Amino acid sequence: MYNTNSVLFCALNTCNFYFLSINQNLSAPLSLEGLAQTFYMSKNHLTAVFKRATGTTVARYILYKRMAIVRKELSMGVPAAEAASRAGFGDYSSFFRAYKKMFGCAPSDKSAPGMPEMDKGSMV
């Protein structure tokens with residue numbers, strides 16, 4: 001018989017490892033395929049485990065964390081293209097589209113709303 005407390009503890013530690021690994025590599029190219037290989041599991045299993053633990057997908061989590069970096073950089077006066085690059089966006093046009101979709105305005109617009117909730121479906 002499983003001890004549900006130890007199973008939960010193990011699941012939380014595993015998810016913490018995923019978060020730590022992703023957060024430490026946000027400025028690098030990240031893909032579901034690459035992460036699944038890093039964690040020695042299939043893409044489907046990683047997606048299911050991550051979604052069950054967080055309520056969001058791996059892609060949304062990465063996008064949210066990268067946007068948080070960009071917003072911090074922009075608030076410090078860093079140009080949008082440089083902030084996007086530092087946060088791990090591969091090119092400015094994909095960053096711009098994602099930013100506009102998440103915030104409803106261009107990165108240069110100082111009246112952008114705050115960060116949305118991470119589990120909102122509108123983020124990707």
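Leaving aside its neighbours within four places in sequence, which residues is Phe95 in contact with? In this predicted model, Phe95 touches Met67, Val70, Ala80, Ala84, Phe89 and Pro107.

Several of these names return in the nonpolar cores. The largest nonpolar core has 17 residues, and those with the most contacts inside it are Met67, Val70, Phe89, Phe95 and Tyr99. Two or more residues of this core are given by each of H4, H5 and helix H6 (92-103), and H6 supplies the largest share, five residues. Apart from this core lies another one, of 13 residues, with Leu26, Val49, Phe50 and Ile62 among them.

Just after H4, Gly77 adopts a positive phi of about 90 degrees.

How far can the model be trusted? The mean pLDDT of the protein is 81, with 80% of its residues reaching 70 or more. Among the elements, helix H5 (residues 80-86) has the highest mean pLDDT (95) and helix H1 (residues 4-24) the lowest (63). Over residues 1-10 pLDDT stays under 50, and the model has one contact beyond four places in sequence for them. Residues 120-124 also stay under 50, but have 13 such contacts. Where pLDDT is low, the predicted coordinates should not be read in detail.

Key. Residues are numbered from 1 along each chain as its sequence is written. This is a predicted model: local features need pLDDT of at least 70, side-chain atom pairs count only at pLDDT 80 or more; totals for chains, interfaces and linings use all residues. Side-chain values use heavy atoms; hydrogens and water are left out. Helices (H or I, at least four residues) and strands (E, at least two) are DSSP runs, numbered from the N terminus. pLDDT is the predictor's confidence in each residue, from 0 to 100. Contact means heavy atoms within 4.5 Å. A nonpolar core is a set of buried Ala, Val, Leu, Ile, Met, Phe, Trp, Tyr and Cys residues joined through side-chain atoms within 4.5 Å. Buried means under 20% relative accessible area, exposed over 50%, partly exposed in between (1.4 Å probe, protein chains only).
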